[in-house]
Amino acid sequence: MLTLFHAPWSRSSRLVWLLEEIGVSYDICYCDIARMDGSGARDPRNPHPDGKVPALLHDDVLVTESAAVALYLTDLFPQAALGAPVGSPERGAYLTWLTWVAGEMEPAFWARISGATEGDAKVRARYDAVIARLLGALERGPYLMGQRFTAVDVMVGSSLAWARDFCPPSPALDDYLDRVLDRPANTTATAKDGTPPVVAEVA
Ligand SMILES: N[C@@H](CCC(=O)N[C@@H](CS)C(=O)NCC(=O)O)C(=O)O
């Protein structure tokens, strides 16, 4: 049994997308969270130790941190071919990309959005390196790991969509975003994102 603890329009949205890409059966527990604008509050149903989302419960195994959840799911469902199995030649690149998103890309996007890149050359250089890494990868393949769409594209695509206005003008980034966001699984995930399914009442 898989349950994703999810708050609408948050970092857990990308895991809804990934689960739709994988195509397995799962439940969503729609949770409240403390939002940055001061709204919302920690939800007692959410097992995340900090009350954040995403959190994934697989039977009695709890996984938190988006990159860990993505890795856990793609390892659990190798038939979906959205990751890279242990021992495969792509494994190193796959782990690198997933952790790069959390360790480099997201902090760089936040620095750009908050204005921290202005007036601090080192912070700006870190942001520029992130953009250069994305553009370099997109010169080589339609997807970040080459010819094949992977969970890396879910993680990067969802963050890039959110931060697009703060990234430089680039047809390569725009084309990439169109390519990944246009996927049917993302359309389904977007429909589920803020909408708990209607449960039919039993007469
Ligand atoms: N590094 C974590 C960040 C999770 C995170 O900060 N999630 C936000 C939603 S976008 C949250 O739950 N915030 C509620 C809070 O900070 O209490 C991950 O990627 O899983």
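Biologist: How do the residues of the shell around the ligand divide by class?
Modeller: The shell has four nonpolar, three polar and three charged residues. This is a predicted model, in which local features need pLDDT of at least 70 and side-chain atom pairs count only at pLDDT 80 or more, while totals for chains, interfaces and linings use all residues. Residues are numbered from 1 along each chain as its sequence is written.

Biologist: What makes a residue part of the shell around the ligand, and which residues are they?
Modeller: The C-beta atom, placed from the backbone, must lie within 6 Å of the molecule. S10, R11, I33, A34, G51, K52, V53, P54, E65 and S66 are the residues around the ligand.

Biologist: Why are strand 2 and strand 4 called edge strands?
Modeller: Strands pair if DSSP finds at least two bridges between them. The open sheet has four strands in the order 2-1-3-4, with mixed pairing. Strand 2 (27-30) and strand 4 (61-64) each pair on one side only, so by that rule they are the edges. The twist from one strand to the next averages 20 degrees.

Biologist: How do you know that strand 1 and strand 3 pair?
Modeller: Four bridges join strand 1 (residues 2-6) to strand 3 (residues 55-58), and at least two are needed, so they pair. The two strands run antiparallel, and F5 stands opposite A55 in strand 3.

Biologist: What packs on the sheet?
Modeller: Helix 2 (residues 66-76) does, touching strand 3 and strand 4. The direction of helix 2 makes about 130 degrees with that of strand 4; such angles run from 0 to 180 degrees between N-to-C directions.

Biologist: At what angle do helix 5 and helix 6 cross?
Modeller: The axes of helix 5 (residues 151-163) and helix 6 (residues 171-181) cross at roughly 120 degrees and come within 10 Å. Contact is made by D153, G157, L160 and A161 of helix 5 and by L173, L177, V180 and L181 of helix 6, where contact means C-beta atoms, placed from the backbone, within 7 Å. Six of these residues are nonpolar, one is polar and one is charged.

Biologist: What makes up the two domains, and how far apart are their C-alpha centres?
Modeller: The domain assignment gives domain 1 (2-81 + 187-193) and domain 2 (91-182), with C-alpha centres 21 Å apart. Ten residues from domain 1 and eight from domain 2 form the contact.

How values were computed:
Ala, Val, Leu, Ile, Met, Phe, Trp, Tyr, Cys and Pro count as nonpolar, Asp, Glu, Lys and Arg as charged, and the others, Gly among them, as polar. Two residues are in contact if their C-beta atoms, placed from the backbone, lie within 7 Å. Domain bounds come from an automatic or database domain assignment.
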